[in-house]
Amino acid sequence: MAGGTSPASNMAFPFGRRLPCDIYWHGVSFHDNNIFSGQVNKFPGMMETVRKITLSRAMRIMQDLFPLEYNFYPRSWILPEELPLFVAEVRMMKDNNPSWKPTFIVKPDGGCQGDGIYLIKDPSDIRLTGSIQSRPAVVQEYICKPLLVDKLKFDIRLYVLLKSLEPLEIYIAKDGLSRFCTEPYQEPTLKNLHQVFMHLTNYSLNIHSGNFIHSDSVNTGSKRTFSSILCRLSSRGADVKKLWSDIISLVIKTIIALTPELKVYYQSDIPAGKPGPTCFQILGFDILLMKNLKPVLLEVNANPSMRIEHEQELSPGVFENVPSRVDEEVKVAVIRDTLRLVDPQKKKKKDTQCQSWEQAGAGEEPPDAVAGAEAALPSLCLKQVFPKYAKQFSYLRLVDRVAALFIRFLGVKGTTKLGPTGFRTFIRNCKLSNSNFSMAAVDILYIDITRRWNSMGIDHKESGNPGMCLQAFVEAFFCLAQKKYKSRPLHEQVALLIEQCECRLAALQGQRLLWGCGLGERPGAPPPARPQRQRVFGLQKPAQLRALVCRDSAGS
């Protein structure tokens, strides 16, 4: 294994090395274009995809399609471009419900560890309008009634392993961290809005509070295991199984919202058909429990801290690193079991063992030496949740299929934006233009949406490329679906248009295969002359291809 930062120092190569490795462990992001094999612990584009603005946009797309399924993410507005919308919507909601006294939390897009976060009561707050021009942000409804333990607000850091994008494979750690505020919680008022130790659960903030408690127990202190909180809730009669089920659902749905953008980045950095590594990544999900035990997603961290010690001040200005039992108990297991799951040697050993057994002529199953070695280790702390529960969530993966269409028409490998020619080709090949929607209207749609999205300046990779990003393409696709299939829910409109596009493209591919074999007639070509009195044998097409061609000619 090689990399800039490693969980095991004796396996790390701080300055990198050029010899091929099985696993490359990068400290911050995927940044090495000279890796042609093995596995890397970062996905291209993950940091950009989980930034607060990009995450909020991805969640909003899913909320538009499936509002009930994605109600675990707070109502959000993107600043500065949605500031007028934010002001107008809050005013309208207050007019409709005069008793509504909301609080909002402002989170800078590129902030981390609580940096720059603050609470407001009214959109007209002067700090809001004064700072967002230079520092884009997300503003969200603040959860005013969180679950409290010992009268303190807390959040949950859960570790999630995204082992593979295609096929999608997700694991969740069976335990996590509960990080506590250090002042007793009170609902927000104008007097206590600025008390960060009461409202913000960030460890990096509360560590500076005089009330922060480092404990040798995982059940007490300002940082505890999540399992200790579950035991406490269970003793009070709470339905802990349902809570875990809701958290698993939240994680899977969030990953489903993120995968379309990740796939665009992935094909850009590691094009199909070229040698390159496979990727995996440990993510940190920050989750808040409401008073009714409903989990709410706060954010996703692409680089969760894996430190297992904290600084302790021995004397003024003199510090030493002291082991943290709660961090060690949770994080060591996550790193260990991630390496076990992605271990390429496990499969090699098993294949070699089976091959040797077959060559020896033994008829029975060989003794599993790999399984024997695994038995000596603790049971896995990482639980697979996808594809295990794929059937329950596959209907949500509509935007994944839209992203597949987007990638298909990108044309130039290594790009993440669709040019006007690619968009016109998509429209033509899928037969989406007609007398009511001309190619001129197609060009206007492309220009209007692309210009607006590029003016937002949120693309961190190709800011100089004027093409259409994935989220702009998704908006255009939704617009086309609404034009074509009126009076239906949005998710049905989008699903129908996806099916039409996939069917048209499959039929077109089938026709091209026939042309390539010299078996079909190209459009506009004269029919071949047939000799008289000669029996002509018809080509029997495969049933699936024949069905697609028939459906296409019928105009489905």
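**Exercise 1. The nonpolar cores**

Which residues have the most contacts inside the largest nonpolar core? State also which helix gives the largest share of this core.

Solution. The model is a predicted one.
Step 1. The largest nonpolar core holds 99 residues. Those with the most contacts inside it are F285, F423, F426, F477 and V494.
Step 2. Helix α8 supplies the largest share of this core, with 14 residues.
Step 3. Another core lies apart from it and has 19 residues, among them L161, V334, I335 and L382.
Step 4. For F285, leave out residues up to four places away in sequence; F285 then touches I156, R157, L158, V160, L250, V251, T254, I255, L297, E299 and V300.

**Exercise 2. The chain as a whole**

Find how many helices and strands the chain has, and what percentage of its residues is buried.

Solution. 
Step 1. Counting secondary structure gives 18 helices and 18 strands.
Step 2. The chain has 556 residues, and buried residues make up 47% of them.
Step 3. Take the contacts between residues at least 6 apart in sequence: 64% of these join residues at least 24 apart.

**Exercise 3. Packing of α14 with α15**

Solution. 
Step 1. Helix α14 covers residues 420-429 and helix α15 covers residues 439-456. Their axes are 10 Å apart, and the packing angle is about 135°.
Step 2. Angles from 65 to 115 degrees count as roughly perpendicular and those over 145 as roughly antiparallel.
Step 3. The crossing in which α14 passes α15 is right-handed.
Step 4. Sorted by class, the residues of the contact of α14 with α15 are seven nonpolar, no polar and three charged.

**Exercise 4. Two partners of α2**

Helix α2 packs with α16 and with α8. What is the orientation of α2 to α16, and what is the orientation of α2 to α8?

Solution. 
Step 1. Helix α2 spans residues 52-65 and helix α16 spans residues 470-484. Their axes come within 12 Å and cross at roughly 15°.
Step 2. Angles under 35 degrees count as roughly parallel, so α2 is roughly parallel to α16.
Step 3. The crossing of α2 past α16 is left-handed. In this contact, T54, R57, A58, I61 and L65 of α2 meet Q471, V474 and F478 of α16. By class, the contact of α2 with α16 has five nonpolar residues, two polar and one charged.
Step 4. For α2 and α8, the axes are 9 Å apart and the angle is about 105°. Since 65 to 115 degrees counts as roughly perpendicular, α2 is roughly perpendicular to α8.
Step 5. The contact joins L55, A58, M59 and M62 of α2 to T254, I256, A257 and L258 of α8. The classes in the contact of α2 with α8 are seven nonpolar, one polar and no charged residues.

**Exercise 5. Surroundings of F212**

Is F212 buried or exposed? Locate F212 in the chain and list its contacts.

Solution. 
Step 1. F212 sits in the loop between α6 (203-206) and β12 (223-225).
Step 2. Its relative accessibility is 12%; buried means under 20%, so F212 counts as buried.
Step 3. With neighbours within four places in sequence set aside, F212 is in contact with T182, Y203, N206, I207 and S222.
Step 4. F197 is 15 residues from F212 along the chain, and their C-alpha atoms are separated by 9.6 Å.

**Exercise 6. Helix α7 and its cover**

Name the buried residues of helix α7 and the elements that cover them.

Solution. 
Step 1. Helix α7 runs over residues 226-235, and F226, S228, I229, L230 and L233 are buried in it.
Step 2. The cover over the buried residues of α7 includes β8 (148-149), β9 (152-164), β11 (177-180), β12 and α8 (240-269).
Step 3. After α7 comes G237, with a positive phi near 90°.

**Exercise 7. L497**

Which residues does L497 touch, not counting those up to four places away in sequence?

Solution. 
Step 1. L497 belongs to helix α17, residues 490-516.
Step 2. Its relative accessible area is 0%, so L497 is buried.
Step 3. Under the stated exclusion, L497 touches L432, F477, L480, A481, K484 and Y485.
Step 4. V402 is 95 residues from L497 in sequence, with a C-alpha to C-alpha distance of 9.6 Å.

Notes:
Residues are numbered from 1 along each chain as its sequence is written. This is a predicted model: local features need pLDDT of at least 70, side-chain atom pairs count only at pLDDT 80 or more; totals for chains, interfaces and linings use all residues. Side-chain values use heavy atoms; hydrogens and water are left out. Helices (H or I, at least four residues) and strands (E, at least two) are DSSP runs, numbered from the N terminus. Buried means under 20% relative accessible area, exposed over 50%, partly exposed in between (1.4 Å probe, protein chains only). Contact means heavy atoms within 4.5 Å. A nonpolar core is a set of buried Ala, Val, Leu, Ile, Met, Phe, Trp, Tyr and Cys residues joined through side-chain atoms within 4.5 Å. Axes are lines fitted to C-alpha atoms, for helices over the stretch in contact, and angles run from 0 to 180 degrees between N-to-C directions. A crossing is left-handed if the near helix is turned anticlockwise from the far one by less than a right angle, and right-handed if clockwise. Ala, Val, Leu, Ile, Met, Phe, Trp, Tyr, Cys and Pro count as nonpolar, Asp, Glu, Lys and Arg as charged, and the others, Gly among them, as polar.
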